[in-house]
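I opened my notebook to look up how this chain is put together.

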Amino acid sequence: MSKKWFDVEEHETIGDCLDRMAAEGYTPVRRMEEPVFQEVKEGSSIKREPVRQKIRFQGLKSEQ
């Protein structure tokens with residue numbers, strides 16, 4: 001069985017990513033979300049603020 005990770009790019013929707021997976025012959029089996037942070041300096045301290053959510057799908061190669 002072949003597995004591959006697919007990231008939802010900034011310019012595409014989740015549906016676009018799933019369509020791209022299907023076009024390459026993969027079926028989604030797992031979804032992961034993780035925050036992307038940006039460091040912001042406030043006075044003498046550095047604060048990390050979430051900027052966006054990164055979404056990834058793990059695909060399993062279809063056997064067709």
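**Entry 1: Glu12 and its partner.** I am working from a predicted model. I looked up Glu12 and found 15% relative accessibility, so I noted Glu12 as buried, the cut-off being under 20%. Next I checked what its side chain meets. Glu12 forms a salt bridge with Arg20, at 2.6 Å from N to O. Arg20 is partly exposed, with a relative accessible area of 28%.

Entry 2: Side chains of opposite charge can pair when their charged atoms come close. I counted six salt bridges in the model. One of them joins Glu10 and Arg52, whose closest N and O atoms are 3.7 Å apart. This pair links distant parts of the chain, 42 residues apart: Glu10 sits in the loop between E1 and H1, and Arg52 in strand E3. Glu10 is exposed at 68% relative accessibility, while Arg52 is partly exposed at 37%. I also found Glu33 paired with Arg31, with the closest N and O atoms 2.6 Å apart. Glu33 is partly exposed at 42%, and Arg31 is partly exposed at 43%.

**Entry 3: the sheet.** Which order do the strands take in the sheet? I read it as E1-E3-E2, an open sheet of three strands with antiparallel pairing. E1 (3-7) and E2 (26-42) stand at the edges with a single partner strand each, so one side of each has no neighbour in the sheet. Neighbouring strands are turned by 25° against each other on average, direction ignored. I counted 16 bridges between E2 and E3 (residues 45-61). In E3, Lys54 is the bridge partner of Glu34.

**Entry 4: the helix.** Helix H1 (residues 14-23) packs on the sheet and touches E1, E2 and E3. Its direction makes about 35° with that of E3.

How values were computed:
Residues numbered from 1 in each chain as written. Predicted model: local features only at pLDDT ≥ 70, side-chain atom pairs only at ≥ 80, totals over all residues. Heavy atoms only, no water. Pairing = 2+ DSSP bridges. Helix = DSSP H or I, 4+ residues; strand = E, 2+ residues; numbered from the N terminus. Axes fitted to C-alpha atoms, helices over the stretch in contact; angles between N-to-C directions. Contact = heavy atoms within 4.5 Å. Salt bridge = Lys/Arg side-chain N within 4 Å of Asp/Glu carboxyl O. Buried < 20%, exposed > 50% of the residue type's maximum accessible area, 1.4 Å probe, protein only.
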